[in-house]
Amino acid sequence: MRRYVIKRLAQAVGVLWAAYTVSFLVLDFLPGDPVTAMAGAGMDSGQVDPAQLAALRHEYGFDKPVLVQYADYLGKAVRGDFGDSVSTGRPVSSTLADALPQTLQLTGAALLLAVFLGGGLAVLATYTSRRWLRQLLLSLPPLGVSVPTFWVGLLLVESFSFRLHWFPAFGNDGLRGLILPAVTLAVPTGAQVAQVLAKSLLTALDQAYVETARAKGAGRWRIHLRHALRNASLPALTVVGLLVGQLIAGSVVVETVFSRDGLGRVTAAAVTAQDIPLVQGVVVFGALIFVVTNLVVDLVYPLLDPRIVVAPGRKAVAV
């Protein structure tokens with residue numbers, strides 16, 4: 001187990017390094033000059049004092065060769081220092097810390113809704129003996145995946161905010177202001193969970209151990225939840241781990257639609273302003289959440305299925 005954990009940690013470090021490097025290269029190749037935009041505040045670059053521009057470029061290190069900039073920024077990032085935001089002048093770590101609670105609140109609520117609704121839909125669809133109802137329920141996840149997130153958000157705002165006045169349309173107004181954004185973010189995520197879990201359940205219900213449980217007199221509900229669901233949950237758990245990154249990415253759209261403060265709006269503003277330190281801080285933070293979540297998922301596997309063991313120098317295997 002120790003070797004396995006060390007290997008996974010090394011892979012996590014590799015993912016973080018790759019995310020940082022790719023974001024640095026992409027931002028470096030973008031046209032435009034973030035320092036000119038900051039100094040000019042939207043004015044033509046010819047109206048800005050060249051000496052002021054040179055001083056700002058020197059302050060942020062943009063006057064150095066690209067490889068030197070990369071080495072300097074990477075060395076600081078390893079120590080948790082992503083520098084100061086070009087657009088606001090505030091430390092990147094402080095900006096992320098201020099925006100993080102709202103985004104974690106949104107993505108956490110969306111993930112719980114997605115698992116509950118998607119899992120419930122999959123269990124109900126595979127449990128019912130009515131063929132027409134099963135087909136109807138199984139047709140809902142593909143629809144949820146294909147519908148654009150921003151369209152779902154606008155539809156919810158139109159229905160429950162403007163018409164029924166049940167929930168606020170915009171802002172971070174406590175629990176009531178969290179419900180519509182969380183549902184919007186949970187729809188495509190829950191649909192993917194339902195797709196994977198339903199397919200796994202249908203496969204598990206055809207296995208020999210299910211027939212053995214029936215022969216011993218176990219009821220349908222007991223077989224479905226205790227025997228089939230436990231084994232079918234492993235693929236769904238893997239999908240949930242992967243979808244955490246999708247939830248963070250989706251928060252950019254959702255927080256924009258609902259005018260919520262959080263990492264999503266910070267990211268959108270940073271990309272627009274070509275704020276390299278801030279964008280890199282967001283990218284590395286998102287990658288960190290992704291790798292930590294997937295590491296936890298890998299370590300939870302043996303708890304759900306005792307057949308899974310970790311062999312020295314190998315990935316988890318079933319025995």
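# Exercises on a predicted model

The structure holds four aromatic pairs. The model is a predicted one.

**Exercise 1.** Classify the geometry of the aromatic pair formed by Phe160 and Trp166: stacked, tilted or edge-to-face?

Solution.
- Step 1. A pair of aromatic rings is described by the distance of the centres and the angle of the planes.
- Step 2. For Phe160 and Trp166 the centres are 5.8 Å apart, and the planes make an angle of 40°.
- Step 3. Stacked requires planes under 30 degrees apart and edge-to-face requires over 60, so the remaining class is tilted. The pair of Phe160 and Trp166 is therefore tilted.
- Step 4. Phe160 has 25% relative accessibility and so counts as partly exposed.

A further aromatic grouping is the cluster made up of Tyr20, Phe24 and Tyr70.

**Exercise 2.** Determine how helix 5 is oriented to helix 12, and list the residues of their contact.

Solution.
- Step 1. Two packed helices are described by the angle between their axes and the distance between the axes.
- Step 2. Helix 5 covers residues 92-127 and helix 12 covers residues 263-272; their axes come within 8 Å and cross at roughly 135°.
- Step 3. Antiparallel needs an angle over 145 degrees and perpendicular spans 65 to 115, so the crossing falls in the oblique class. Helix 5 is thus oblique to helix 12.
- Step 4. Helix 5 contributes Thr95, Leu96, Ala99, Leu100 and Thr103 to the contact, while helix 12 contributes Leu263, Gly264 and Val266.
- Step 5. By class, these contact residues are five nonpolar, three polar and no charged.

**Exercise 3.** Is Val157 buried or exposed, and which residues does Val157 contact beyond its sequence neighbours?

Solution.
- Step 1. Val157 lies in helix 8, residues 149-163.
- Step 2. Its relative accessibility is 4%, under the 20% limit, so Val157 counts as buried. Across the 319 residues of the chain, 39% count as buried.
- Step 3. With neighbours within four places in sequence set aside, Val157 touches Phe162, Ala169 and Phe258.
- Step 4. Phe170 is 13 residues from Val157 along the chain, and their C-alpha atoms are separated by 8.7 Å.

**Exercise 4.** Locate Arg79 and state which backbone oxygen its side chain reaches.

Solution.
- Step 1. Arg79 sits in the loop that joins helix 4 (66-78) to helix 5.
- Step 2. Arg79 has a relative accessible area of 64%, over the 50% limit, so Arg79 is exposed.
- Step 3. The Arg79 side chain reaches the backbone oxygen of Gly75 at 3.3 Å.

Definitions and conventions
Residues are numbered from 1 along each chain as its sequence is written. This is a predicted model: local features need pLDDT of at least 70, side-chain atom pairs count only at pLDDT 80 or more; totals for chains, interfaces and linings use all residues. Side-chain values use heavy atoms; hydrogens and water are left out. Axes are lines fitted to C-alpha atoms, for helices over the stretch in contact, and angles run from 0 to 180 degrees between N-to-C directions. Helices (H or I, at least four residues) and strands (E, at least two) are DSSP runs, numbered from the N terminus. Angles under 35 degrees count as roughly parallel, over 145 as roughly antiparallel, 65 to 115 as roughly perpendicular and the rest as oblique. Contact means heavy atoms within 4.5 Å. Ala, Val, Leu, Ile, Met, Phe, Trp, Tyr, Cys and Pro count as nonpolar, Asp, Glu, Lys and Arg as charged, and the others, Gly among them, as polar. Buried means under 20% relative accessible area, exposed over 50%, partly exposed in between (1.4 Å probe, protein chains only). A polar contact is a pair of N or O atoms within 3.5 Å; within protein, one must be able to donate a hydrogen and the other to accept it, and residues adjacent in sequence count only if both atoms are side-chain atoms. Rings of Phe, Tyr and Trp (its six-membered ring) pair if their centres lie within 6.5 Å; planes under 30 degrees apart count as stacked, over 60 as edge-to-face and the rest as tilted.
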